[in-house]
Amino acid sequence: MTNGFETGSAEGSAAGEEKKYADPYGLYRRWFEAWGETVQGEARASMGAGEIEELWRRWFAGTAKGLGGGSGKDGYAGSLGSLWEQMAESMRKETASRGDLSEDPVEFFLRWYGETSERWAGVADDLLKKREVLESNAHLQENFARSYRELRHASEQNLKNMQIPSRSDLAGVAKLVVGVENKLDRIEEAFGEFVYGGSEPATAESVRSLQERMDGLEGKMDRILAALEKG
Amino acid sequence: MDKSTVPPEVADKLDKYARGTRIMLDGARAETGQTPKVTVWTKNKAKLYRYEPEKPKKHSIPIFMVYALINKPYILDLMPGNSLIEHLLGEGFDVYLLDWGVPGDEDADLSFEDFVLDYIKPATKRVLWTSGAESYTLFGYCMGGTMSAIYASLFPEKPLENLVLLTTPVDFQPEEIGLLGLWTREEYLDPDLLVESLGNIPDDFIDNSMQMLKPIQNYVGTYASMWERILEEKPMETWLAMNKWVNDGTPFPGAAFRQWIRDFYQGNKLVKGELKMRGRKVDLSNIMCPVLNIAGEKDHICPMPQAKSTIDLVGSEDKEFFVLDAGHVGLMTGRGAKEGLWPKVSSWLGERSG
């Protein structure tokens, strides 16, 4: 089926990097496909309330998985799994109570969100302040960080064994480059001070004073070297 | 499906669904940060921009903006007609912005000392050299405000003329600490372990943490708003630009993250007078210049009590705490900003900028 989802130009002229998101929103694609089928007269009779409920269920399950899944570093999102389920159940009940499919699903979602969002926001806020959630997340985060560290060390070691530069090797080189840049920056700044900063030209007296300090410094160095040679 | 056979109202709906679905799958795209600018100084990844005014300069004292280490600074110049920087240029100010850039692994050791003393300090010189001015206004947003307050404490004398702090956390342990204050408590967050494991803290970690402060609004409400705009054919530009910005973060340099959590959130050292930058004590009471401190009543990232105490801590006589009925980002853009924040900043500075 050709549909508007697969064709058409991107939204406006792209600026900035394109960013792909985890896709917990499969429902929208399915809606779209269902719309296409409906228009073609293929599916109107077969699209029952049960299927709509199933789609909501899948969407929220996907959302919960997308937000909580994978890494412990996003642990607080994972704490909301039960909340997403409650919200899905609320939508399912709402859909079931209506008993027909006369309302556009997106409009249904907007109406449902408008009517219930404040309550859900309060529930989420309370949930995220709970001691058990805080402790569980701290634990999750700690485990994630430890595992990641181990994995990183193992990868570094493997790359080292294979004599392939690792990420930290590259970072080390980049750091040296930054160090060189910093030195150049200081020279540039010194020139800037001279050009813009109203630096006064050196006088014969200031040059003589500098010469005396240099002589003193050389004398000290000579004495230190002599002492070291004797020692 | 042959589109010619589709009833127009259905085709219209299909197009709208397609549009929304594309945004959700591919991310929002928008042209942002379009005000013309030139780079007048660079250091490592950081760039100092000077914005090119359309109108002649009316005020002799330039504004030097310092943004946070996380997220991108184009929120200050979101899009034409919705940009604080564009507004200030229109009011005759000479505007500079320090963009920290995106840190690499090699920047994981950069700390607040480095950013304040090795970046902000030389950048202020460059602002003065480029503008030819004898003094400047330091303008900090969020964490950039905290860094600006630190800098102003260390170098309170001229050429610093004015200090503007926008949604700037200073007292990290007020009575009402908010969700972020709770999550960053010592028993729940170990920054040393995270930094040791991850180096720089990834942008998705930071973005998710910020969005989780209001999960229903950020994960569901944002898209409810998008669908509403699409279905009702309302303008989408601001939504797209904001959504792009929200998801366009930068990693937090590891050493700075460690300090941000340990010294600021957990130690509250800035308020206690225990914060030091390369051995120099940071004392907010050193600040004597005029200070405008702005907070958002609905700000959940920098709750109002975190920002409020600055006004009691600085030594300035000319100081004002200004509260807007807005959130952390909401006060910067949109109609509320045009009627609230922007005129406040330009009028306050206009009286103090020569």
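Which residue lies over the face of A:Trp120? It's A:Arg119, at 4.7 Å from the ring centre. A charge sits over a ring here if NZ of Lys or CZ of Arg is within 6 Å of the ring centre and within 35 degrees of the ring normal. Chain B has a case too: the charged end of B:Arg280 sits over the ring of B:Phe155, 5.0 Å from its centre.

Before going on, a word on what you're looking at. This is a predicted model, where local features need pLDDT of at least 70 and side-chain atom pairs count only at pLDDT 80 or more, while totals for chains, interfaces and linings use all residues. Residues are numbered from 1 along each chain as its sequence is written, chains are lettered from A and ligands numbered from 1 in the order in which they are written, and side-chain values use heavy atoms, with hydrogens and water left out.

Now for chain B as a whole. It has 15 helices and 10 strands; these are DSSP runs, numbered from the N terminus, with helices being H or I of at least four residues and strands E of at least two. Of its 354 residues, 66% count as buried, where buried means under 20% relative accessible area, exposed over 50% and partly exposed in between (1.4 Å probe, protein chains only). Take the contacts in chain B with a separation of 6 or more: residues 24 or more positions apart account for 80% of them. Contact means heavy atoms within 4.5 Å.

Let's look at a pair of helices. Helix α3 (residues 112-131) of chain B and helix α10 (residues 254-266) of chain B pack at an angle of about 110 degrees, and their axes are 8 Å apart. That makes α3(B) roughly perpendicular to α10(B), a label for angles of 65 to 115 degrees. On the α3(B) side, the contact is made by B:Phe112, B:Glu113 and B:Phe115, and on the α10(B) side by B:Ala256, B:Gln259, B:Trp260 and B:Phe264. Some of these names come back in an aromatic cluster, formed by B:Phe112, B:Phe172, B:Trp260, B:Phe264 and B:Tyr265.

Aromatic rings turn up elsewhere as well, with 20 aromatic pairs over all chains. Rings of Phe, Tyr and Trp (its six-membered ring) pair if their centres lie within 6.5 Å; planes under 30 degrees apart count as stacked, over 60 as edge-to-face and the rest as tilted. B:Tyr17 and B:Trp227 have ring centres 6.0 Å apart and planes at 85 degrees, so this pair is edge-to-face. The pair links distant parts of the chain, 210 residues apart: B:Tyr17 is in helix α1 (residues 8-26) of chain B and B:Trp227 in helix α8 (residues 215-231) of chain B. Both B:Tyr17 and B:Trp227 are buried.

The loops deserve a look too. B:Gly104, between β4 (95-99) and α3 of chain B, is buried, with a relative accessible area of 17%. B:Pro251 is 147 residues away from B:Gly104 in sequence, yet they are 8.3 Å apart in space, C-alpha to C-alpha. B:Asn71, in the loop between β3 (63-66) and α2 (84-90) of chain B, has a positive phi of about 65 degrees although it isn't a glycine. B:Arg278 also has a positive phi, near 45 degrees, and counts as partly exposed at 46% relative accessibility. Finally, a cis peptide bond joins B:Lys158 and B:Pro159, with omega about 20 degrees.

Definitions and conventions
Axes fitted to C-alpha atoms, helices over the stretch in contact; angles between N-to-C directions. Parallel < 35°, antiparallel > 145°, perpendicular 65-115°, else oblique.
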